[in-house]
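Subject: A structure for you to look at

Hello,

Here is the structure I promised to pass on. Please open it alongside this note and follow along as you read.

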Amino acid sequence: TPMGLCVGLVAHSDTAGIAGSRGRFRPRTLLEDPKRPGRMWVVDAGAKRPKAGRVWRLDRVDGAWRAVAVLSGLDRPHGSGVGPDGWVYVGEIHQIIRFDPDAADVRATVQVVVADLPTQLRGKDRIRFHPLTSFVFTPTWDLVVNMGSHTDRCLEALPAARCPDEADHTAALWRFAYMGDGHWGAQPDHLAHGLRNSVALAAHLSGTVLQAENGSDFSESGRPFEELNIIRPGRHYGWPYCYDRDAVDP
């Protein structure tokens with residue numbers, strides 16, 4: 001790590017609270033509490049099946065971390081963030097929810113913020129290939145949401161001229177406009193396409209959105225490279241037609 005920074009293990013399967021839970025501990029994102037120093041929130045995907053996800057509250061107690069599961073039964077949760085209201089936001093595969101981190105009973109405060117995100121493969125009952133919902137708030141509180149691709153390299157669509165993800169606006173970033181007072185528009189703008197799976201997103205104070213892309217699965221272990229992209233509205237970033245800086249995937 002850069003000088004002056006460090007990495008530490010905060011929680012694992014033997015941590016007090018987590019050790020007594022059933023199912024697997026699969027942490028996806030970690031969020032510092034917006035109001036209370038020494039508290040963190042962990043979004044845990046649990047086992048790779050529906051309704052196995054949890055949110056844990058981590059508190060520093062007597063020099064050690066202790067965990068309490070405040071939400072359970074979540075559907076493959078992944079992303080997290082703090083909204084304009086100071087509440088904690090969590091992305092499930094089909095929706096984004098929020099809760100009041102100050103509440104004694106977190107579950108009683110849960111609200112759906114963005115509903116009915118698409119999850120299924122086109123024309124099939126199986127889950128989309130990249131369903132995890134990562135997201136980021138822009139400085140004006142718009143929500144930019146990952147809408148991962150249906151497939152790995154869209155080979156199933158050949159010999160079609162274009163990948164069906166483009167018509168479905170998947171392999172894309174969706175932007176839900178902030179309407180004020182804790183509400184977002186129901187219909188998204190399609191910010192950018194050709195992005196296989198935006199596993200990480202960040203927004204600069206200038207408004208610039210950065211995307212870390214999970215690349216295709218070539219047989220060679222070192223190819224293709226993952227990407228860090230500066231997102232410009234309306235642009236196409238190449239998946240599945242090209243990769244790296246100038247390589248073509250036929």
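Below is what was found in it, element by element.

This is a predicted model, in which local features need pLDDT of at least 70 and side-chain atom pairs count only at pLDDT 80 or more, while totals for chains, interfaces and linings use all residues. Residues are numbered from 1 along each chain as its sequence is written, and side-chain values use heavy atoms, with hydrogens and water left out.

Let's begin with strand S7, residues 96–99. Strands here are DSSP runs (E, at least two residues), numbered from the N terminus. Ile 96 and Arg 98 point one way from S7, while Ile 97 and Phe 99 point the other way, and all are buried. Buried means under 20% relative accessible area, exposed over 50%, and partly exposed in between (1.4 Å probe, protein chains only).

Strand S6 (residues 88–91) runs antiparallel to S7, joined to it by four bridges, and a hairpin of four residues connects S6 to S7. Strand S8 (residues 111–114) is also antiparallel to S7, with three bridges between them. Within these pairings, Tyr 89 stands opposite Arg 98, and Val 114 in S8 is the bridge partner of Ile 96.

Leaving out residues up to four places away in sequence, Arg 98 touches several others, including Asp 85, Trp 87 and Trp 184. Contact means heavy atoms within 4.5 Å.

Next, have a look at Thr 133, in the loop between S8 and strand S9 (135–137). Thr 133 is buried, at 1% relative accessibility, and its side chain reaches the backbone oxygen of Glu 92 at 2.7 Å. Ile 96 is among the residues that Thr 133 touches, as are His 78 and Val 145.

Now for the charged pairs. Side chains of opposite charge can pair when their charged atoms come close. A salt bridge is a side-chain nitrogen of Lys or Arg within 4 Å of a carboxyl oxygen of Asp or Glu, and by this rule the count comes to 13. One of them joins Asp 102 and Arg 36 at 3.5 Å, N to O. This pair links distant parts of the chain, 66 residues apart: Asp 102 is in the loop between S7 and S8, and Arg 36 in the loop between S1 and strand S2 (39–44). Asp 102 is partly exposed at 33% relative accessibility, and Arg 36 is partly exposed at 35%. Another salt bridge joins Arg 57 and Asp 59 at 2.9 Å, N to O; Asp 59 is buried, with a relative accessible area of 17%.

Key. Two strands pair if DSSP finds at least two bridges between them. A polar contact is a pair of N or O atoms within 3.5 Å; within protein, one must be able to donate a hydrogen and the other to accept it, and residues adjacent in sequence count only if both atoms are side-chain atoms.
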